[in-house]
Amino acid sequence: MKSSRFSVIRCALLAAVFGAALQIPAQAEDEKEWTEAALQLPAAPAADALLTFHQTGTIQFQIDANSLSIAPDGTIRYTLVATSAAGARNVSYEGLRCSTYEKKLFAFGRPDGSWSNARRADWTRISQTDANKQHHVLYTEFLCDGNTIAGKVPDMIQRLKGQRYPQKKI
């Protein structure tokens, strides 16, 4: 009787150990199931919808409020306009993943209002360095709350409108 009880206990312990080893952590399971939503490019940015959210000494960064959206995959998508003090302007359509602190460049805007798809289609970690701090600023101050989306699009737009930079051209 003792040996059969010992065998049952041993089998139960082995099952528990192997079962625990085979379990996938919840976060890894969620990450495995994530599928990126299809890309839908917005209209070219409208000058009256541009909201300045960050400035360096020579570059002003703005988001086109009309393009700001939360995609079905839980990413935030927006048109970013970067204008230099000399007048050079770069337009890009981008995505931000609050859950992973990543960004993605989807397309570049052309002067005629059309888009050119980005060659590199990877999600990359957001940089906090001064040269590329605009995505970190979007993440921490306007679009994300920790690793979650910071409210609905109208809430995000209100935060962007209420920031400290004047809505004007450099």
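Visitor: Which helix is Q134 found in?
Guide: Q134 is found in helix α3, residues 134-143, where helices are DSSP runs of H or I with at least four residues and strands are runs of E with at least two, numbered from the N terminus. This is a predicted model, in which local features need pLDDT of at least 70, side-chain atom pairs count only at pLDDT 80 or more, and totals for chains, interfaces and linings use all residues. Residues are numbered from 1 along each chain as its sequence is written, and side-chain values use heavy atoms, with hydrogens and water left out.

Visitor: Is Q134 buried or exposed?
Guide: Q134 is buried, at a relative accessible area of 8% (buried means under 20%, exposed over 50%, partly exposed in between, with a 1.4 Å probe and protein chains only).

Visitor: And what is Q134 in contact with, leaving aside neighbours within four places in sequence?
Guide: Once those neighbours are set aside, Q134 has contacts with F53, H54, F61 and L80, contact meaning heavy atoms within 4.5 Å.

Visitor: How do α3 and α4 pack?
Guide: Helix α4 covers residues 153-161, and α3 packs with α4 at an angle of about 110°, their axes being 10 Å apart; axes are lines fitted to C-alpha atoms, for helices over the stretch in contact, and angles run from 0 to 180 degrees between N-to-C directions.

Visitor: Which residues make that contact?
Guide: From α3 the contact is made by L138, E141, F142 and L143, and from α4 by M156, R159 and L160.

Visitor: Switching topic, where does Y101 lie?
Guide: Y101 lies in the loop between β5 (89-97) and β6 (102-109), and Y101 is buried, with a relative accessible area of 10%. Its phi is near 55°, a positive value in a residue other than glycine.
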